[in-house]
Amino acid sequence: EINQPLGAILGNAETAEFLLAGDDPPLDELRQILADIRRDDLRASQVIKRVRALVGKREFRMEAQFLNEILTDVIRLISHDSQRRGVVVESDFAMNLPAVSCDRAQVEQVILNLLLNAMDAVKAVPPSRRRVSLRSGRHVSGWVEASVSDNGHGIVPEKLDRIFDSFFSTKEQGMGLGLALARSIAESHGGRLTAENNPGGGATFRLILPIHDGPRGHETE
C-alpha cells in the first residue's frame, strides 16, 4: 500500500521531467502532475499513520459510525489506483442502516486491504471485464456487513481455510499479514471477517460488525 503511492509519485516526477525538457512545457498539465504528487504523498503518509496506529499501543476509538460513510471515503482513496489498473469499482450501499460501533481508521484499513486484494485478483482478467464490487447491507444475524467481491481467479479450495493465517499468502510477493491483521481487527470489534468463492468465479470477503448500542439511529441517505 505504501509502494503504490510512491510508485505513482516517481512516475509523475519522471513525466514532469520529460515535459520540462521540451521547448514549451504544458503548464496546466504540470500543475495537475504536481497536484497528483501532493495527493499521493498524503496517501502514503496516511498509510504510515494507519500502520503505526495498528501496531502501536493506541486504544481503539470506538464510536458510532455509519458504514456507508466509511466505504465512500475508502472508494475516494483508491480511485486513482483503480483507474490506473483499469478496474471498475462498483458500489451498492443499502440505505437506512443502523450505526456500527467501531474505530473508523481501523475499519477503513480493513476495507482498503480487501479492495486492493480484489484488484490484484482481477489483474489477469481482460481489462474490459475487470470488476470489483463494494456493498453494504444487513447480515442475516441482524448486524451490518460490508462485502468486497471480485470476478478474478477465486481462492483455491484447499487454501480457503488458511488465508487468514499469519504468514500465509497466495501471492508470490505477499507477506501473509494483511488478511490476518484484517481478521484480528474485525474480531477486536466483536465482529467477523469471512471469505467464500463465488459460484460464477472470483471471491467475496465479508466484514460483519455489531450494531452500535446508542442513540445515533439509522442513516437516512
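**A friendly note on this predicted model**

1. The largest cavity has a volume of about 30 Å³, where a volume is the space filled by probe spheres set on grid points joined across faces, edges and corners. A cavity here is a set of points, on a 1 Å grid over the protein atoms alone, where a 1.4 Å probe fits but cannot get out. The count by this rule is 1 cavity of 30 Å³ or more. Its lining consists of Gln4, Pro5, Ala8, Asp40, Arg43, His80, Asp81 and Arg84, with lining residues being those that have an atom within 4 Å of a point. At least two lining residues come from each of α1 (3-20), α2 (27-55) and α3.

2. A word on how to read the values. This is a predicted model, in which local features need pLDDT of at least 70 and side-chain atom pairs count only at pLDDT 80 or more, while totals for chains, interfaces and linings use all residues. Residues are numbered from 1 along each chain as its sequence is written, and side-chain values use heavy atoms, with hydrogens and water left out.

3. Now the overall layout. The protein chain contains 5 helices and 7 strands; these are DSSP runs numbered from the N terminus (helices: H or I, at least four residues; strands: E, at least two). In sequence order, the pattern is α-α-β-α-β-β-α-β-β-α-β-β. Of contacts (heavy atoms within 4.5 Å) between residues at least 6 apart in sequence, 73% join residues at least 24 apart.

4. How much of the chain is buried? Of its 221 residues, 43% count as buried, meaning under 20% relative accessible area, with exposed over 50% and partly exposed in between (1.4 Å probe, protein chains only). The chain exposes about 12500 Å², and carbon and sulfur atoms supply 52% of that area. Accessible areas come from the Shrake-Rupley method with a 1.4 Å probe, and for residues only the protein chains shown count as cover.

5. The largest nonpolar core has 38 residues, and Val107, Ile111, Leu115, Phe205 and Leu207 touch the most other members. Such a core is a set of buried Ala, Val, Leu, Ile, Met, Phe, Trp, Tyr and Cys residues joined through side-chain atoms within 4.5 Å. Two or more residues each come from α3 (67-85), β3 (100-102), α4 (104-121), β4, β5 (144-150), α5 (178-188) and β7 (203-209). The biggest contribution is from α4, with 9 residues. Setting aside residues up to four places away in sequence, Leu115 touches Val74, Ile78, Val132, Leu134 and Val148.

6. Ser136 is worth a look. This residue sits in strand β4 (residues 131-138) and is buried, at 10% relative accessible area. What does the side chain of Ser136 make a polar contact with? Its partner is the side chain of Asn68, at 2.6 Å. A polar contact is a pair of N or O atoms within 3.5 Å; within protein, one must be able to donate a hydrogen and the other to accept it, and residues adjacent in sequence count only if both atoms are side-chain atoms. Beyond neighbours within four places in sequence, the contacts of Ser136 include Leu71, Asp92, Phe93 and Glu145.

7. Finally, two backbone spots. Asn96 lies in the loop between β2 (88-93) and β3 and has a phi near 60°, a positive value in a residue other than glycine. Asn96 is partly exposed, with a relative accessible area of 46%.

Methods. 1 Å grid on protein atoms, 1.4 Å probe; cavity = no way out; pocket = protein on both sides within 12 Å on 5 of 7 lines; lining within 4 Å.
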